[in-house]
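Thanks for coming. Please have the sequence and the model on your screens, and I will go through a few places in turn.

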Amino acid sequence: MEKIKSAPTALDAVPEIVQKKSGEIAESGETYLETILVMKERRSNGLVRAVDVANELKLSKPSVSRGLGLLKEKNLIQIGIAGDIEFTPEGRKLAERVFKRHQYLTVFFKHIAKVPSDVAEADACRVEHVISDKTMKGIIAFLKENEIV
């Protein structure tokens, strides 16, 4: 096996199953919140409905409706009579947090790891849900210290 400088050895490495962070929502819920946020920003009227989220994510309407129902139960969104989705203050805060992680990770992958934009974007979308707050803070600090963001 190739030795990688400064990396843990096989004796030091501890593989683990990635667990959902305590008290937080599942990756799919974070994805729905982020998608709603992005779609609201794109649209002049800010109107987003479940069918729009389903179309954007290429998922079935029943799946998205169930996921949105869970977000509503957790008091992260409210759904109006016309089906319009609105954030609660806590929901907006979480959506913005996930999207910021996505943005910083995309910049990190593109400018530091030198991967193509499409790969950086796709990988950021996956990593944003599992990266620790401590590591994320380190990445943000690095990007700011080096005036990349």
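I start with a side chain: a polar atom at the side chain of Lys40 lies 2.9 Å from the backbone oxygen of Ile85. A polar contact here is a pair of N or O atoms within 3.5 Å; within protein, one must be able to donate a hydrogen and the other to accept it, and residues adjacent in sequence count only if both atoms are side-chain atoms.

Before going on, the ground rules. This is a predicted model, where local features need pLDDT of at least 70 and side-chain atom pairs count only at pLDDT 80 or more, while totals for chains, interfaces and linings use all residues. Residues are numbered from 1 along each chain as its sequence is written, and side-chain values use heavy atoms, with hydrogens and water left out.

Back to Lys40, which sits in helix H1. Helices (H or I, at least four residues) and strands (E, at least two) are DSSP runs, numbered from the N terminus. Is Lys40 buried or exposed? Its relative accessible area is 11%, so Lys40 is buried. Buried means under 20% relative accessible area, exposed over 50%, and partly exposed in between, with a 1.4 Å probe and protein chains only. Not counting residues up to four places away in sequence, Lys40 touches Gly46, Val48, Ile85, Glu86, Phe87 and Arg92; contact means heavy atoms within 4.5 Å.

Next, helix H6, residues 133–145. Its buried residues are Met136, Ile139, Ile140 and Leu143. Viewed down the axis of H6, they fall within an arc of 95 degrees, so they line one face; the arc is that of the directions from the helix axis to the C-beta atoms. Lys134, Lys137 and Glu145 are exposed, on the face turned away from the buried side. Part of what covers the buried residues of H6 is H4.

Last, the aromatic rings. How many aromatic pairs does a search of the whole structure find? Two. Rings of Phe, Tyr and Trp (its six-membered ring) pair if their centres lie within 6.5 Å; planes under 30 degrees apart count as stacked, over 60 as edge-to-face and the rest as tilted. Phe108 and Phe109 are edge-to-face, at 6.1 Å centre to centre and 65 degrees between the planes. For Phe108 and Phe142 the centres are 6.3 Å apart and the planes at 80 degrees, so that pair is edge-to-face too. Phe108 lies in H4 and Phe142 in H6, so the pair ties together parts 34 residues apart in sequence. Phe108, Phe109 and Phe142 form one aromatic cluster.

Conventions: The expected span of a helix is 1.5 Å times one less than its number of residues.
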